[in-house]
Amino acid sequence: MSIVKRQHYVWRHYLRPWADNDNIWTHFTQLNKIERTSLMGVAQERYFYKLVDFTDAEETFLKNYIDKFSPVVVKPLNFDFLNLFTSTSKLKKQLDKTVNPAVDKEKYAEEIRKLEINLMEIGHGKMENLGQKLIAYRSLEDLKTIEQDDYLFDAIMFLCFQYFRTKSMRISALQSFVGGPYEELAKKSWNILSYVTATTFAKNISLDPKIKFIFHENNTTEHFITCDQPIFNILNDKVDENGEVTDLELYYPISPKHALTIHFRDDQADK
């Protein structure tokens, strides 16, 4: 297994419709410049999904969090994620305790390091596979097949993982912990919590009887654009007195000419 150093928080295959020979025009906001760069160089960060070590107390806190906030149907999956993404920490502890001289500690430590860096990246690759069909939709007739072959939940799961996996979402989510007692734990565990949040979100919205999709086809000369938070809530500015977002309507461009909206209103009879 080779180490994946540059880890993308936006799926490169998703970005290809905006690219030409895997090169894409990109506006780098912080640098205030526009450049044509390769898909390997955008929406990525070195070791973005690298796993970290947790103390026993921190792991217990995460178990309690999952037990309290996960819906019953996805709770086993969320515990599986936690066990998987804390396994490298356990393996390192076991290796440290090993006194058997026949064990090549350096060799095993290197293999554990590869897992530590790659494991969550591999997991996101599995989730991306769920979206292959969705991002290939190019007509309303394509969209109407979403409920066939039990694909609806897979599509929603894919969308939720794309929504929560990004750097922008990480920064936004961690803002609420700044200055609080769980600030450092939230930073350490966000990659795991993003998985837990995505599965919980997917379960809740996929079972909403009001869920509807809208297919947008752009027939103008101006293209739909995308960004490093490609799926977002266009009602994010509707908040209550505590600053909590009260409404949800997801928008997801899937090509320069096509986009999807997912809403939960009663004013649409058909997709």
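Helices (H or I, at least four residues) and strands (E, at least two) are taken as DSSP runs and numbered from the N terminus. The structure is a predicted model, in which local features require a pLDDT of at least 70 and side-chain atom pairs count only at pLDDT 80 or more, whereas totals for chains, interfaces and linings use all residues. Residues are numbered from 1 along each chain as its sequence is written, and side-chain values rest on heavy atoms, with hydrogens and water left out.

Most residues other than glycine have a negative phi, and most peptide bonds are trans. With a relative accessible area of 64%, Asn-32 is exposed; the classes used are buried (under 20% relative accessible area), exposed (over 50%) and partly exposed (in between), computed with a 1.4 Å probe on protein chains only. A positive phi, near 65°, is likewise found at Asp-22. Asp-22 belongs to the loop between α1 (12-15) and β2 (23-28), and its relative accessibility of 35% places Asp-22 in the partly exposed class.

Salt bridges were then assigned, each being a side-chain nitrogen of Lys or Arg within 4 Å of a carboxyl oxygen of Asp or Glu. The structure contains 19 of them. One network of salt bridges links Lys-50, Asp-53, Lys-92 and Glu-116. Within this group, Asp-53 pairs with Lys-92, with 3.0 Å between the closest N and O atoms. This pair connects distant parts of the chain, 39 residues apart: Asp-53 lies in the loop between β4 (44-46) and α2 (56-69), and Lys-92 in helix α4 (residues 87-97). Both side chains belong to partly exposed residues, Asp-53 having a relative accessible area of 35% and Lys-92 one of 24%. Lys-92 also forms a salt bridge with Glu-116, at an N to O distance of 2.7 Å. Here too distant parts of the chain are linked, with Lys-92 in helix α4 and Glu-116 in helix α5 (residues 105-129), 24 residues apart. Glu-116 is buried, its relative accessible area being 7%.

A further salt bridge joins Glu-111 to Lys-114, where the closest N and O atoms are 3.5 Å apart. Both residues are in helix α5, separated by three residues, or about one turn of the helix. Glu-111 is partly exposed at a relative accessible area of 37%, while Lys-114 counts as buried at 16% relative accessibility.

Two packed helices are described by the angle between their axes and the distance between the axes. The axes are lines fitted to C-alpha atoms, for helices over the stretch in contact, and angles between N-to-C directions run from 0 to 180 degrees. The axes of α4 and α5 come within 9 Å and cross at roughly 170°. The helices α4 and α5 are therefore roughly antiparallel, a class assigned to angles over 145 degrees, with angles under 35 counted as roughly parallel, 65 to 115 as roughly perpendicular and the rest as oblique. Contact, defined by heavy atoms within 4.5 Å, involves Ser-87, Thr-88, Leu-91, Lys-92, Leu-95 and Asp-96 of α4 and, from α5, Lys-105, Tyr-108, Ala-109, Ile-112, Leu-115, Glu-116 and Leu-119. The contact of α4 with α5 comprises seven nonpolar, two polar and four charged residues; Ala, Val, Leu, Ile, Met, Phe, Trp, Tyr, Cys and Pro count as nonpolar, Asp, Glu, Lys and Arg as charged, and the others, Gly among them, as polar.

For helix α3 (residues 75-85) and helix α9 (residues 183-206), the axes come within 10 Å and cross at roughly 165°. Helices α3 and α9 are therefore roughly antiparallel to each other. Leu-77, Asn-78, Phe-81, Leu-82 and Phe-85 of α3 meet Ile-192, Tyr-195, Val-196, Thr-199 and Thr-200 of α9. This contact of α3 with α9 has seven nonpolar, three polar and no charged residues.

Finally, Arg-138 occupies the loop between α5 and α6 (140-143) and is partly exposed, with a relative accessible area of 31%. Leaving aside residues up to four places away in sequence, Arg-138 touches Pro-17, Phe-215, Ile-254, Ser-255 and His-258. The C-alpha atoms of Arg-138 and His-258 are separated by 6.7 Å, although these residues are 120 residues apart along the chain.
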